[in-house]
Amino acid sequence: MKTRRREEGRWAWRLTGFITVCVYIFMFAPIVATVILSFNASMFGGFPMTGFSLQWYYKLMANDAVLAAFRTSLWIALVTAMVTTAVGVVTAFALVRFDFPGKQALSTLVILPALVPETILGVGLLVLIKSIDQPRTMLLLVLGHILLAVPYVVLITQARMAGIRRVYEEAALSLGASRFSSFREITLPLLVPAVVGGALLAFTISFDNTSASLFWRPAGVETMPTQILSMLKISISPEINALGTVMILVTVGIPLVGGLILQSLTRLKRRGQPTEEAR
Amino acid sequence: MKRRWTLYDPRLAWMLVAPVLLLLIFFLVLPIAVMAAYTFFTFVTAGVETSALTTANWHEFFTDSYYSGFLLKTLRVGAITALLCGVLGYFPAYFIWATTFRHKWLLLLLLIVPFWISFTIRTFSWINILGEQGVINVALIKLGIINDPLPMLYNEGAVILGMLHFLMPYMILNVYVSLEGIDRTLISAARSMGCTSAQAFREVTLPLSLPGLAAGLLLCFVLAAGSYVTPQLLGSGRDALFGNLIYDTIMGELNWPMGATLSIVLFVVLGFFAAVYTRYMGMSQIVKGLGG
């Protein structure tokens, strides 16, 4: 009896493992196929592979529309990441450390942009600026991206902040530090992982944003995702696979490298001062 | 007379949250309020409307079965997607939580990587799998199983598959976070009292992980029902969802009052589901799932 039960458990566990492997394959197979196809020598954007070639990458480098869209997206994402991190960290600080009327309502309001579908956010903002006769500008697009990224930065920072005891800051204050310098010298360094993580996430959210950007972009401006969409409307060319591969390298490479740098930084610091970080 | 500032002064808190608060008011609250007002404006011709108040848009929405059909289809597709996500996503979440594999972090990292890859690219990459020249068709033809490529793309199944693909990490992470919160001694206790592993799972682990599953279901449902890009890339015209309808009404027909009406409808309907969820579960689980 007992062995049969154990046998059942083992089969259930194997089934779980099998489905897990399938789900991981499901998540990565299309991406792998795209990367492989970007090196295809064939004229058509599909299988079978007819040979190895970098021609689609050369073509991509000569495509001015794509390069312009890439630059636009890069700038928007950089500005979004910097501003969102600054305002998000400060907001999270206030939400964790302070007690003020309306705090609960604000913490709910601040995550709404992540839950409301982008189509609705997109239309809403357009209707607003239409009703006051304002044109769509780059500033509007960037502020919109900041709105979309703020919830994530605030949530990440809040989670980290909750693990930092306030006695550290209060000790600095009682020793005569100003509010600002206690934040800069004590709180901020302890928050570094959240700050870097939040900034990277804000960058990718902005760089990747499609639906809302379709509504908000100024006339004639293409961001990388909207450019890809309009290229897809014409045809599936192998150039798109190459473009996809470059984008994957940028958006996966930056966080990975950032994470590695962060890890080695904290390791270096730990070696310098053996005190534990928090808790 | 000036009051002295206390250590955790509410006034300082307000100053700190001011930038984000202003952004939320002017880019989230106000737009939705103006949009709600716009639903009562009169549509004259493409791109032109007057502020003469009318209920014509709402009347059109409630009487024309075209709109309610779209809404029902969108809710159905969202529900199917969310349920499939829940069923398929629970296994990996459980596996990652329960495994004794040393490089567990790698499995978690692989879950986060898709968030970094452009959503547009992840969606169109399915064309390389399902398309006429995609992996499946080319392989089947090479093997001599079929002669003509199977039409797997540009139908509702492809749309659901694409949404499943982008929502799966959300689901797995939500369930995983909830599993991580379970006190493992409860399971050993159940086992030592004579539960089989299946019973322990059914009586202890599963009920305790339900909040995460529910949060994942809500998130997947809302994001699927609000999607715009996936139906456009992987579906045919017949597979358009409510988001596509809104986009076409505003950007194509330039009928702003009707577009605003449809947006408010989607907002209210999805908000209703979110409200029911928070009524029973509270916000905290969603917050945990989003924050990672």
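Visitor: Which residue just after α12(B) takes a positive phi?

Guide: That's B:Leu254, with a phi of about 55°. Keep in mind that we're looking at a predicted model.

Visitor: What makes α12(B) a largely enclosed helix?

Guide: Count its buried residues. A residue is buried if 20 or more other C-beta atoms lie within 10 Å of its own. Eight of the eleven residues of α12(B), which runs over 242-252, pass that test, so the helix is largely enclosed by the rest of the structure. Among them are B:Phe242, B:Leu245, B:Tyr247 and B:Ile250.

Visitor: Why is B:Leu164 called buried?

Guide: The cut-off is 20 or more other C-beta atoms within 10 Å. B:Leu164 has 23 such neighbours, so it counts as buried. You'll find B:Leu164 in helix α8 of chain B, residues 156-180.

Visitor: What is B:Leu164 in contact with, leaving aside its neighbours within four places in sequence?

Guide: B:Thr81, B:Leu84 and B:Cys85. Then there's B:Leu88, which is 76 residues from B:Leu164 in sequence but 9.5 Å away in space, C-alpha to C-alpha.

Visitor: Which residues touch the most other members of the largest nonpolar core?

Guide: B:Leu167 and B:Cys220, in a core of 151 residues. The helix that gives the most to this core is α8(B), with 17 residues. As for B:Cys220, its contacts beyond four places in sequence are B:Thr81, B:Ala82, B:Cys85, B:Leu167, B:Tyr170 and B:Met171.

Visitor: How do you know that β1(B) and β2(B) pair?

Guide: Pairing takes at least two bridges between the strands. Three bridges join β1(B), residues 42-45, to β2(B), residues 48-50, so they pair, and they run antiparallel.

Visitor: Over to chain A. How do you know that chain A is more spread out than a compact globule?

Guide: The rule gives 19 Å for 279 residues, and chain A comes out at 24 Å, well over that, so it is more spread out than a compact globule. Along its principal axes, the C-alpha trace spans about 75 × 70 × 40 Å. Chain A has eleven helices and zero strands, and 41% of its residues count as buried.

Visitor: How many residues of chain A are in contact with chain B?

Guide: 78 residues of chain A are in contact with 72 of chain B. On the chain A side, α1(A) gives the most, with 18 residues. By class, that side has 54 nonpolar, 17 polar and seven charged residues.

Visitor: What does the model score, and how does the confidence in chain B look?

Guide: The model scores ipTM 0.85 and pTM 0.86. For chain B the mean pLDDT is 87, and 97% of its residues reach 70 or more.

Visitor: Which elements of chain B have the lowest and the highest mean pLDDT?

Guide: Helix α14, residues 284-291, has the lowest at 68, while helix α3, residues 65-98, has the highest at 94.

Note on methods:
Residues numbered from 1 in each chain as written. Chains lettered and ligands numbered in written order. Predicted model: local features only at pLDDT ≥ 70, side-chain atom pairs only at ≥ 80, totals over all residues. Contact = placed C-beta atoms within 7 Å. Helix = DSSP H or I, 4+ residues; strand = E, 2+ residues; numbered from the N terminus. Nonpolar A, V, L, I, M, F, W, Y, C, P; charged D, E, K, R; others polar. Buried ≥ 20, exposed ≤ 12 C-beta atoms within 10 Å, placed from the backbone. pLDDT = per-residue confidence, 0-100. Rg over C-alpha atoms; globule rule 2.2 N^0.38 Å. Core = buried A, V, L, I, M, F, W, Y, C linked by C-beta atoms within 7 Å.
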